[in-house]
Amino acid sequence: MKIALIGYGKMGKTIESIAIERGHEIVLKIDVTNAGDLNTENLQKADVAIEFTNPESAIGNLYQCFDAGVPVVCGSTGWLAKMPEVQAYRLKTDTGLLQSSNFSLGVNIFMEVNKVLARYMSNQPSYNLSVTEIHHTAKLDAPSGTAISLAEQILDNYPAKKEWIKADSATKYTAKDIPIFSDRIDPAPGTHIIKYSSEIDDIEIIHTAHNRHGFALGAVIAAEFLNGKKGNYTMQDVLAL
Ligand SMILES: NC(=O)C1=CN([C@@H]2O[C@H](COP(=O)(O)OP(=O)(O)OC[C@H]3O[C@@H](n4cnc5c(N)ncnc54)[C@H](OP(=O)(O)O)[C@@H]3O)[C@@H](O)[C@H]2O)C=CC1
Ligand SMILES: O=C(O)C1=N[C@H](C(=O)O)C[C@H](O)C1
């Protein structure tokens, strides 16, 4: 498979080495220094694009892939509030998109556990709920995309919770809110904690990434899945969860 890598930072470089190990070829590598090379002619040399840049440039990069008719795996976070307009553009161009805030197998299993736990806890108002994410200090967005996805899964399964809020120790929140706390500590690749706490006991589930390998491997497996497809997909489709 021929891959265009859009974003050649921590994730782009890890993805490159895993993709080559799996027998794929990198035909285009884009970072800030050659962003002008991201055009239809260059993109069409690839079967699929993998986009890991930042919240500001992600949407423009996706539109370039849609215009070129090249299906794209997107890992960039911090832009998902604009997903409806991105999906409208994708639909118009009849292209493929597979977006996930977290491509690791472990996090995707953790998310399934999160949904089940939220259903059980939705009848237990004596427990206070919080979500905490811990990442390296170079991370641009907070809360993490994964923490927002986890909170949204809880909202879908715990009717008394109405919204998530970005929180710190001074934030006032009510039982209707899901506070998300963000810590920035190097070199944390990504830790997510869901905690239900009562006077009697605590229930916690934690996912700790030890490195970026799981995110990158998942993104390459997602690209293998998306190759030749049109439409909108998630890691649930890839992993058949
Ligand atoms: N979904 C998932 O599983 C994961 C998602 N992420 C997300 O992926 C994104 C990237 O993370 P990470 O690799 O750690 O970040 P880095 O900062 O290490 O890399 C970002 C890359 O994007 C490039 N870039 C910046 N602006 C542009 C642009 N306008 N056009 C093209 N390239 C650009 C940077 O170029 P330069 O180096 O020249 O500045 C750099 O190569 C983040 O949003 C992060 O949250 C991260 C890990 C896992
Ligand atoms: O920026 C990162 O590093 C990560 N970002 C993703 C997120 O925002 O959830 C996934 C992972 O936790 C690493």
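1. Axes here are lines fitted to C-alpha atoms, for helices over the stretch in contact, with angles from 0 to 180 degrees between N-to-C directions.

2. A word on the model and its numbering. This is a predicted model, in which local features need pLDDT of at least 70 and side-chain atom pairs count only at pLDDT 80 or more, while totals for chains, interfaces and linings use all residues. Residues are numbered from 1 along each chain as its sequence is written, and chains are lettered from A and ligands numbered from 1 in the order in which they are written.

3. The contact between α5 and α6 can be listed by residue. α5 contributes V107, M111, N114, K115, A118 and R119, and α6 contributes T146, S149, L150, Q153, I154 and N157; contact requires C-beta atoms, placed from the backbone, within 7 Å. By class, this contact of α5 with α6 holds five nonpolar, five polar and two charged residues. Ala, Val, Leu, Ile, Met, Phe, Trp, Tyr, Cys and Pro count as nonpolar, Asp, Glu, Lys and Arg as charged, and the others, Gly among them, as polar.

4. Helix α3 (residues 58-68) also packs on α4: the axes come within 9 Å and cross at roughly 10°. That angle makes α3 roughly parallel to α4. The crossing of α3 past α4 is right-handed. I59, L62, Y63, F66 and D67 of α3 make the contact with V86, Y89, R90 and T93 of α4. These residues divide into six nonpolar, one polar and two charged.

5. Between helix α1 (residues 10-21) and helix α7 (residues 213-226), the axes come within 9 Å and cross at roughly 60°. α1 is therefore oblique to α7. This crossing, too, is right-handed. On the α1 side the contact involves M11, T14, I15, I18 and A19, and on the α7 side H213, F215, A216, L217, A219 and V220. Nine of the contact residues are nonpolar, two are polar and none is charged.

6. An open sheet of six strands has the order β2-β1-β3-β4-β5-β11, with parallel pairing. Strands count as DSSP E runs of at least two residues and helices as H or I runs of at least four, numbered from the N terminus; two strands pair if DSSP finds at least two bridges between them. β2 (25-30) and β11 (231-233) are the edges, each with a single partner strand, so one side of each has no neighbour in the sheet. From one strand to the next, the twist averages 20°. Three bridges link β5 and β11 in the parallel sense, and G96 has G231 in β11 as its bridge partner.

7. The other open sheet has five strands in the order β7-β8-β6-β9-β10, and its pairing is mixed. β7 (163-167) and β10 (202-208) are the edge strands, each pairing on one side only. Neighbouring strands are turned by 20° against each other on average, direction ignored. Strands β6 (residues 128-135) and β8 (residues 177-184) run parallel and are joined by five bridges; E133 stands opposite S182 in β8. Helix α5 (residues 105-121) lies across β9 (191-197) and β10, at about 165° to β10.

8. Ligand 1 is surrounded by 25 residues, of which G9, M11, V32, S57 and G75 are the closest (a residue is near if its C-beta atom, placed from the backbone, lies within 6 Å). Helix α1 gives the most to this shell, with three residues. By class, the shell around ligand 1 has nine nonpolar, 14 polar and two charged residues.

9. The peptide bond from A142 to P143 is cis, with omega near 0°, and P143 lies in the loop between β6 and α6 (145-157). The bond from D186 to P187 is also cis, with omega near 0°; P187 is in the loop between β8 and β9. D94, a residue other than glycine, has a positive phi near 50° and sits in the loop between α4 (83-93) and β5 (96-99).

Notes: Parallel < 35°, antiparallel > 145°, perpendicular 65-115°, else oblique. Left-handed = near helix turned anticlockwise from the far one by under 90°. Contact = placed C-beta atoms within 7 Å.
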